[in-house]
Each structure stands twice: as structure tokens, then as C-alpha cells.
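Here is a short report on one protein model. Keep the structure open while you read, and find each residue as it comes up.

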Amino acid sequence: MTDALKRLSDEGVAIWLDDLSRKRITSGNLAELIDQQHVVGVTTNPSIFQKAISSGDGYEQQLTDLATRKVTVDEAIRMITTADVRDAADILRPVFDATDGQDGRVSIEVDPRLAHHTAATVAEAKQLAWLVDRPNTLIKIPATKAGLPAITEVIGKGISVNVTLIFSLERYREVMDAYLAGLEKAKAAGLDLSLIHSVASFFVSRVDTEIDKRLDTVGTDEAKALKGKAALANARLAYQAYEEVFSSDRWAALDRAQANRQRPLWASTGVKDPAYKDTLYVVDLVAPGTVNTMPEATLDATADHGEVTGNTIAGTYEQARADLDAVAKLGISYDDVVQLLEDEGVEKFEASWIDLLNSTEAELKRLAPSEG
């Protein structure tokens with residue numbers, strides 16, 4: 001079952017699971033995935049926590065205690081989510097130690113309602129790092145315009161970061177610039193750069209979903225022939241940008257100070273269109289120094305029938321650029337698509353967070369002890 005996943009790991013792709021729940025922790029399932037499926041990290045987001053906690057499995061006792069203490073709903077959610085992340089981090093600690101801190105990581109996101117507020121994002125990132133209190137945590141900060149200076153500030157304080165919701169090549173370059181600026185601040189402050197890690201979560205499948213919809217509207221044979229190509233092209237050109245930035249003179253100075261590269265992480269790798277192979281955004285985005293965070297269905301599909309044939313990004317840049325240019329020539333605006341996806345991404349996470357607030361508040365009321 002795991003040959004394809006082993007081959008993926010051997011090609012330099014870190015396999016992370018895009019899911020977390022208390023049941024996954026307490027049942028031993030997470031430990032099993034690490035042991036048998038080459039999983040070396042975990043990512044979470046507001047939607048994942050909303051689904052996990054709303055299912056109720058494993059949370060009732062803690063919710064009862066929190067209701068008895070009469071904590072606010074915001075505090076309750078942070079106590080619950082950081083407990084899960086802390087426990088997952090402990091399970092992954094041997095991986096963290098074995099990889100010198102590169103993997104064995106668990107990500108937790110700042111409140112998505114703060115996505116457009118720099119100072120509040122920085123304050124929340126510091127609070128989350130303190131609350132989880134594990135060296136193998138990554139604090140997720142969205143790559144909004146307000147998020148960019150927050151990334152620099154948080155990295156500059158020595159806190160490791162997972163930058164999320166990256167859709168555009170221009171924004172990705174800004175994210176890498178923010179990371180390098182943060183490392184330079186940390187270096188100036190005398191911090192040990194070898195202890196600071198970061199990944200940049202570049203979203204994949206949603207690009208195809210939006211562009212394919214617009215190609216269908218165009219409706220020509222030329223448009224139909226381009227379906228399913230934009231997301232891979234976008235991600236491959238992101239890897240080209242990564243190679244450029246991390247071979248620059250600016251990077252070389254930080255490299256000499258023992259800094260770590262900010263690895264590209266392929267996110268949103270579950271295939272949305274059943275017409276495409278279910279391992280598309282895994283096997284066609286293989287390159288050294290990358291992370292692929294997969295929902296469990298994609299992980300299982302890759303283990304079962306993924307065809308890992310080596311590096312599938314090298315040598316693709318010219319074709320990738322041609323594919324995106326061909327989409328643009330049909331009147332589909334790349335800038336419009338990626339801005340829409342960023343805006344929708346923030347809105348979806350905010351909506352999930354509000355759903356989580358509402359469902360948790362209802363549980364706290366239900367479990368609250370009667371007065372007297």
C-alpha cells in the first residue's frame with residue numbers, strides 16, 4: 001500500500017495530512033499514519049476544526065469543564081483547538097527531532113476574522129505560539145496584504161510560520177520577500193535562524209475550479225483543451241519562483257547564518273472534478289524540497305494507485321507559461337481569478353469560524369450546570 005508514498009518521500013516531498021480531530025489523536029490513527037503512510041506533518045484550518053468539533057466526538061468532557069468555568073466561546077475554542085494541536089505535536093515530536101525540525105510540524109491558524117488586520121494578527125500569532133507551547137508548531141497567517149508585514153514581524157520574533165491562502169505568483173514572491181525580511185530582523189536581533197522554519201501554502205485545485213468554469217463559459221474547443229491545466233501551470237511556475245529566490249545573493253547571506261528555506265507547500269490538493277485523476281495534484285507536482293498536504297482521501301488514493309515517476313516539475317516552466325498565456329488570450333483574467341480566490345478563501349474560513357463559534361456556544365449553554 002505505501003510504495004507510492006515512500007517513492008514520493010524519496011523524491012523529497014514531505015507528506016502532511018490536511019486534517020485533525022481529537023478522535024484521530026486518541027484512537028491512534030495519527031500515530032498509525034505516521035508509522036505506515038509516511039505522514040510527517042499535519043495542517044489544520046478553521047473548516048477542519050469546525051467539522052471536527054461539530055461532530056462532537058471526544059470533546060464533551062472538555063466542553064463540560066469549560067461550561068462549568070463559564071469561559072467565553074472564543075476562549076473555549078482556543079482551549080479546544082490548541083489542546084488538539086499540542087497533542088498532535090507531541091505525537092509528531094520524534095519526526096521533528098529526526099528531521100532537525102524540518103518536519104513533524106502541526107499548523108494552527110490565527111483567527112480568520114483578523115486577516116486584514118496586521119497588528120492583531122501578530123498579537124494572535126504570539127498568543128497561539130505561547131498557548132500551544134511546542135517547538136514543532138507552525139502558526140498559519142493568511143497571505144493577504146495585511147498578512148505580509150505580519151509574517152515579517154512574527155518570523156522576526158523567532159516564531160515559525162505557515163503562510164496560507166496563496167493563489168497568485170506575484171503574491172507568492174511577496175510572501176518569500178516577507179519571510180526573508182523576517183529572517184533579517186531575527187538575525188539583527190541575535191536570534192538563532194536555524195530554529196526558525198516556514199512553509200508557503202500555495203493553493204492548487206481551486207485555481208482549476210474557477211478557471212475551468214470560465215473556460216466552459218467560453219466553450220470553444222481551444223478552451224476545452226485547456227481545462228485542468230491552469231492549476232498545475234500556476235504551481236509549477238511558483239516552484240520556479242522559489243528556485244530563483246532561494247538561489248539569490250540575498251538568500252545566500254541568510255543561508256550562511258544557518259537559515260532554513262521556506263518550502264513551497266501544495267495545499268488544496270484534493271481533486272474537485274471527477275473527470276481528473278484523483279492523484280493529479282500530487283503526482284504531477286513532485287519536486288525536491290516541497291510539502292504536499294493531503295486530505296485523507298487523496299492520501300489513500302496516492303497510496304493505492306499513485307504513479308510517482310520522479311520529478312514532474314523540472315523542465316515544465318515553458319509549457320506552464322504557455323498554458324497560462326493561452327488562458328489569458330481567451331479573455332480570462334489571471335489577476336481577477338486569483339484575487340477572487342483569495343477573497344473567497346478568507347470568507348470561507350471566516351464563515352467556518354463563525355459556524356464553529358455558534359455551535360460551540362450552543363454546546364456550552366447545553367452543558368452549563370444549573371444555578372443553585
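Arg-366 is found in helix H17, which covers residues 334-367. This is a predicted model. Thr-64 lies 302 residues away from Arg-366 along the chain, yet the C-alpha atoms of Arg-366 and Thr-64 are separated by 9.0 Å. The side chain of Arg-366 also joins that of Glu-60 in a polar contact of 3.2 Å.

## The nonpolar cores

In soluble globular proteins, nonpolar side chains tend to be buried together. Here, the largest nonpolar core has 110 residues. Which residues have the most contacts inside this core? They are Tyr-172, Leu-183 and Trp-266. Helix H12, residues 230-245, gives the most to the core, with 11 residues.

Now take Tyr-172. Leaving aside residues up to four places away in sequence, Tyr-172 touches Ile-166, Ala-200, Phe-202, Ala-238, Ala-241, Tyr-242 and Pro-264.

## Leu-165 in strand E5

Leu-165 lies in strand E5. Is Leu-165 buried or exposed? Its relative accessibility is 3%, so Leu-165 counts as buried. The cut-off for buried is under 20%.

What does Leu-165 touch? Residues up to four places away in sequence are again not counted. The contacts are Pro-142, Ala-143, Ser-201, Phe-203, Arg-206, Gly-345, Val-346 and Phe-349. Val-308 makes another reference point: its C-alpha atom is 26 Å from that of Leu-165, and the two residues are 143 apart along the chain.

## Aromatic pairs

A pair of aromatic rings is described by the distance of the centres and the angle of the planes. The count for this model comes to six aromatic pairs. Phe-167 and Phe-203 form a tilted pair, because their ring centres are 5.2 Å apart and their planes stand at 50 degrees. This pair links distant parts of the chain, 36 residues apart. Phe-167 sits in the loop between strand E5 (161-166) and helix H9 (169-188), while Phe-203 is in strand E6 (residues 198-203). Phe-167 and Phe-203 are both buried.

Phe-246 and Trp-251 make an edge-to-face pair, because their planes are at 75 degrees, with ring centres 5.0 Å apart. Phe-246 counts as buried at 2% relative accessibility. Trp-251 is buried too, with a relative accessible area of 3%. Ring pairs also link Tyr-239, Tyr-242, Phe-246 and Trp-251 into a cluster.

## Checking helix H10

How does the span of helix H10 agree with its 14 residues? At 1.5 Å a residue, H10 (residues 205-218) should span 20 Å. Its end C-alpha atoms are 20 Å apart, so the two values agree.

The buried residues of H10 are Ser-205, Arg-206, Val-207, Asp-208, Glu-210, Ile-211, Asp-212 and Leu-215. Gly-219 follows the helix, and its phi is positive, near 80 degrees.

## Salt bridges

Side chains of opposite charge can pair when their charged atoms come close. How many salt bridges does a search of the whole structure find? It finds 29. One of them joins Lys-23 and Asp-57, with the closest N and O atoms 3.5 Å apart. These two link distant parts of the chain, 34 residues apart. Lys-23 is in helix H2 (residues 22-26), and Asp-57 is in the loop between helix H4 (46-55) and helix H5 (60-69). Asp-57 counts as partly exposed, at 38% relative accessibility.

Arg-113 pairs with Asp-111, and here the closest N and O atoms are 2.6 Å apart. Arg-113 is partly exposed, with a relative accessible area of 32%. Asp-111 counts as buried at 9%. Another salt bridge joins Asp-325 and Arg-321, at 4.0 Å from N to O. These two are four residues apart in helix H16 (residues 317-329), so about one helical turn separates Asp-325 and Arg-321. Asp-325 is partly exposed at 35% relative accessibility, and Arg-321 is partly exposed at 38%. Elsewhere, Lys-145, Arg-171, Glu-174 and Glu-342 are linked in a network of salt bridges.

Notes
Residues numbered from 1 in each chain as written. Predicted model: local features only at pLDDT ≥ 70, side-chain atom pairs only at ≥ 80, totals over all residues. Heavy atoms only, no water. Core = buried A, V, L, I, M, F, W, Y, C linked by side-chain atoms within 4.5 Å. Buried < 20%, exposed > 50% of the residue type's maximum accessible area, 1.4 Å probe, protein only. Contact = heavy atoms within 4.5 Å. Phe/Tyr/Trp six-rings, centres within 6.5 Å; stacked < 30°, edge-to-face > 60°. Expected span 1.5 Å × (residues − 1). Salt bridge = Lys/Arg side-chain N within 4 Å of Asp/Glu carboxyl O. Polar contact = N/O pair within 3.5 Å; in protein donor to acceptor, adjacent residues only side chain to side chain.
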